[in-house]
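The stops below go from the whole chain to single residues and back to groups of side chains.

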Amino acid sequence: MADDLRTRHDAVVIATGATEWRELHAPGRELTGIQQAMEYLPLANRVCEGDLERSPMSAAGKHVVIVGGGDTGADCLGTAIREGAASVTQLDIYAQPGAERDEDTDPWPTYPKIYRLSAAHEEARDLGVAPAADADARLFAASTLRFTGDGSGHVRALHLVEVDAERRPVEGTARMLPPTSSCSPSASPVPTGTTGSPNSWGWRWSRAARSRGTRVSRRTSPVCSPPGTPRAGSR
């Protein structure tokens with residue numbers, strides 16, 4: 001098989017998916033309710049495929065904080081919204097970029113660092129799932145300091161700080177995503193509560209996301225793609 005592929009093609013790409021994640025080394029990471037994005041997303045895909053009736057990591061009724069601002073974080077954002085999360089906020093360690101390329105710091109032909117909206121961010125903005133966010137569902141220039149939990153070992157708050165362009169903490173900006181149903185987050189993993197009441201906090205993280213908010217999305221079940229459509233975490 002391998003010899004045949006090499007004979008018939010100039011190049012062969014093996015795309016198996018990056019299911020190995022980088023760990024978030026922050027105090028409190030061991031608390032229950034903090035999960036990796038690549039643990040969370042494949043389960044949602046299995047629901048879409050009909051393998052599961054409901055994901056054991058469903059975000060339904062939970063306040064979700066996504067740590068990291070990349071594509072995997074956006075996938076978690078869209079999934080959590082469609083599962084009926086009470087709120088979803090995504091944290092991005094970078095400052096919010098402008099609408100146009102900066103020719104001095106970001107000249108052509110480099111990939112421009114501009115403010116972009118994915119379909120998930122548009123949906124989050126329109127539904128108002130993170131009213132305290134800087135834009136759509138994102139908090140920019142935010143870095144996670146630590147997590148704190150309750151007496152049962154479940155995560156209840158994410159502590160964060162604003163950072164400058166060199167990722168240095170800005171004095172006087174430390175805050176936390178409140179341990180109440182009125183959230184005010186901004187930090188660094190992908191979260192989604194997995195246990196407790198609808199007002200409990202939980203997190204799933206990829207190296208690219210974070211969040212804030214309390215408004216409830218009315219969508220209570222995942223929106224699945226047509227059969228055969230590739231999805232994040234399905235590779």
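A residue is called buried when its relative accessible area is under 20%, exposed when it is over 50%, and partly exposed in between, with a 1.4 Å probe and protein chains only. By that criterion, 44% of the 235 residues of the protein count as buried. This is a predicted model, in which local features need pLDDT of at least 70 and side-chain atom pairs count only at pLDDT 80 or more, while totals for chains, interfaces and linings use all residues. Residues are numbered from 1 along each chain as its sequence is written, and side-chain values use heavy atoms, with hydrogens and water left out.

**The whole chain**

Colour by secondary structure, where helices (H or I, at least four residues) and strands (E, at least two) are DSSP runs numbered from the N terminus. The protein has 4 helices and 8 strands, and along the sequence these follow the pattern α-β-α-β-α-β-α-β-β-β-β-β. If a contact is taken as heavy atoms within 4.5 Å, then 65% of the contacts with a separation of 6 or more are between residues 24 or more positions apart.

Select β2 (63-67) next. All of β2, 5 of the 5 residues, is buried, so this strand is largely enclosed by the rest of the structure. His 63, Val 65 and Val 67 are on one side and Val 64 and Ile 66 on the other, and both faces are covered. In a regular strand the side chains alternate between the two faces of the sheet.

The chain crosses from β2 through α3 to β3 in a right-handed β-α-β crossover, which is to say that, with the strands pointing away from the viewer, the path from the first strand over the helix to the second runs clockwise.

In the loop between β2 and α3 (71-82), select Gly 69, which counts as partly exposed because its relative accessibility is 30%. Its C-alpha is 6.2 Å from that of Leu 91, although Gly 69 and Leu 91 are 22 residues apart in sequence.

**The nonpolar cores**

Now show side chains for the nonpolar cores, each a set of buried Ala, Val, Leu, Ile, Met, Phe, Trp, Tyr and Cys residues joined through side-chain atoms within 4.5 Å. The largest has 21 residues, of which Tyr 40, Val 64, Leu 77, Ala 80 and Val 88 touch the most other members. At least two residues of this core come from each of α2 (37-49), β2, α3 and α4 (119-127), and α2 gives the most, with 5 residues. Centre on Ala 80, whose contacts, leaving aside residues up to four places away in sequence, are Tyr 40, Ala 59, Val 64, Ala 85 and Val 88. A second, separate core has 14 residues, including Ala 26, Ile 34, Val 67 and Leu 177.

**Charged pairs**

How many salt bridges does a search of the whole structure find? The search finds 9, each being a side-chain nitrogen of Lys or Arg within 4 Å of a carboxyl oxygen of Asp or Glu. Select Glu 23 and Arg 29, whose closest N and O atoms are 2.6 Å apart; Glu 23 is partly exposed at 33% relative accessibility, whereas Arg 29 is buried at 16%. In the salt bridge of Asp 126 with Arg 125 the closest N and O atoms are 3.2 Å apart, and here Asp 126 is exposed, with a relative accessible area of 59%.
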